[in-house]
Amino acid sequence: MTRKFRLLPAIVTLMAVLLSLSPADGRKRSSKDVKRERQKTEQQIARTREQIKQNDKETSRQLNRLNSLKANMALTGDTIRIIRARLDSVNRQIATVNDSIAVLSARTRALKTNYAKSLQTMRTRRQGMSDLSFVFSAKSFSQAWRRLRYLREIAKSSTRQAKKIKEATARLEEARQRLDALKAVHATALARLNSTQAKMATEQKDADKLVADLRTQGKSLTRELERRREQARKLAAELDRVIEQEAREAEERARREAEERRRREEAEAAARKKAEEEAARKKAEEERKAREAEEAERKAREERQQHTAKPKPVESPKPTTTKPAPKPKPEPKETKKETKKETPKSPQKETPKQPAVPAAKPAMEAAPAKKLSGSFAQNKGRLMFPVAGRYVITSNFGTNDHPELSKVKIDNLGIDIEVAKGSSARAVFDGVVSSIFRLDGYHNIIIVRHGEYLTVYAGIERLSVKKGDKVAAGQTLGTIYSDPDDDNRTSLHFEIRHEKQKLNPTEWVK
């Protein structure tokens, strides 16, 4: 029984209290009288406000109940259509099987009649004789042989006819069994149809009563519908703001990455140039030292040749210890040592100084987002439903006329899904939790980004994820809120967006 609140008695009482503030006898009131009357008036106003609040709550409950009933009635109507289609199919099958039974019955009767006639004819031709007498009563051996063959053919024909009769009888029995099974299916479907139609009638009766009650609560209904529209507007505005903020943050990240990439490339170019200059300097130094070493070697060779031309170099074993020139001799030794140390290292130092520039790294980092976005779009119509188990869609996408309340339009940027208490919301596709925030009427709201696409889950009570988490398709995002003031009604508001563009979720999920 729906409780109805009437505002008229409260308003009349409030007016009476206000009128009572001015005494009719013109007596002067004391300060205590004024204070007492003011308290009484404030109490009456508080009771009136509470009554209005309770009335609005009751209107909200009735409106939710009506939406649930209409959604269930739509499902019941679909079930009735399916059952009727099934009954029509069963009726056609029954008619087909009845025709087959009639044909098989006629064929079986004809086979039995022909078989009886053939037996009667055979007995007449043999004049009542047995098979053996019929053969031995022949006038000649050839006639006896023909009679024997005739009996064999008659036996084979009888066997074939008996087999045909047996097969026709079996098919007829099978058709009759199929007819019985179809009649049982028909009876079950008809009973289900009657039960579903009775349920539909009960739901329609409840809906009519709710509509009648709501029509008597004009102001409360108007306030409730406006409150819901305002909540929807706030949600849309907040989602647009969050998406714009994410876009600005993405642009800023891209700008910083581009600036970092530019600085890295400049640093790598400077390092590469410095390495090339250092390599050129070292090469020039090595070439200079090599020339000096060659010149020193040439001079030393000339000096040795000059010493070998003197008369005493053969007798004396100390020509090399003679001090020819104090200055040039240590230079060749040092030059040789330096040449031995530096010369083998020159080709090795040129190879490692070749630039290894990781310039392709930023382009590779952008690929996953593009691939994820493409994967989401390619799965249109095959995405996972945002809840598991049984559910009913109480409000569809877009602007629609209320099915029962005239001049009432419902504007929904997503779909509202009613489920059992304790149900959870789940991600419809792989993605990243880009934002979580709260809003009056929707509790926690989770936004999951799938590349260029976003999915919105509003009405979450307990969160199972946090901002920045990577989620997989089917992963639990949180428990859906159940309203204790509305018979634990549990409803999830779900949206799909391509950035700011609103999409119809029923065209994407299944």
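A: Let us begin with a single residue, keeping in mind that this is a predicted model: K164 lies in helix α4, and at a relative accessibility of 44% K164 counts as partly exposed, because that class covers the values between 20% and 50%.

Q: Which residues form a positive surface patch together with K164?

A: Such a patch joins like charges that lie within 9 Å of one another, on residues with over 30% relative accessible area and no salt bridge. Here R107, R152, K156, R160 and R171 form the positive patch together with K164, and helix α4, which spans residues 141-215, gives the most to the patch, with five residues.

Q: How many salt bridges does the structure hold, and how far apart are the closest N and O atoms of E252 and R255?

A: A salt bridge is read from distance, as a side-chain nitrogen of Lys or Arg within 4 Å of a carboxyl oxygen of Asp or Glu. The structure holds 25 of them, and in the one between E252 and R255 the closest N and O atoms are 2.5 Å apart. Both residues belong to helix α5 (residues 218-308), where they stand three residues apart, about one turn of the helix. E252 is partly exposed, at 30% relative accessibility, and R255 is also partly exposed, with a relative accessible area of 47%.

Q: Which parts of the chain does the salt bridge between E418 and R489 tie together?

A: The side chains of E418 and R489 meet at 3.5 Å, N to O. Since E418 lies in strand β4 (residues 415-419) and R489 in strand β12 (residues 489-498), the pair ties together parts that are 71 residues apart in sequence. E418 counts as buried because its relative accessibility is 18%, and the cut-off for that class is under 20%.

Q: Are E495 and R497 buried or exposed?

A: Both E495 and R497 are buried, and they form a salt bridge with each other, in which the closest N and O atoms are 3.4 Å apart. Salt bridges can also share partners, and in this way E259, E260, R262, R263 and E266 are joined into one network.

Q: What share of the residues of the chain counts as buried?

A: Of its 510 residues, 30% count as buried, in a chain that has nine helices and 13 strands. The chain exposes about 33900 Å², of which carbon and sulfur atoms supply 54%. Sequence separation can be read from contacts as well: among those between residues at least 6 apart in sequence, 72% join residues at least 24 apart.

Conventions. Residues numbered from 1 in each chain as written. Predicted model: local features only at pLDDT ≥ 70, side-chain atom pairs only at ≥ 80, totals over all residues. Heavy atoms only, no water. Patch = residues over 30% accessible without salt bridge, like charges linked within 9 Å, V, L, I, M, F, W, Y side chains within 5 Å. Areas by Shrake-Rupley, 256 points an atom, 1.4 Å probe, with all protein chains shown as cover. Lys, Arg positive; Asp, Glu negative; His and termini not counted. Charge placed at Lys NZ, Arg CZ, Asp CG, Glu CD. Helix = DSSP H or I, 4+ residues; strand = E, 2+ residues; numbered from the N terminus. Buried < 20%, exposed > 50% of the residue type's maximum accessible area, 1.4 Å probe, protein only. Contact = heavy atoms within 4.5 Å.
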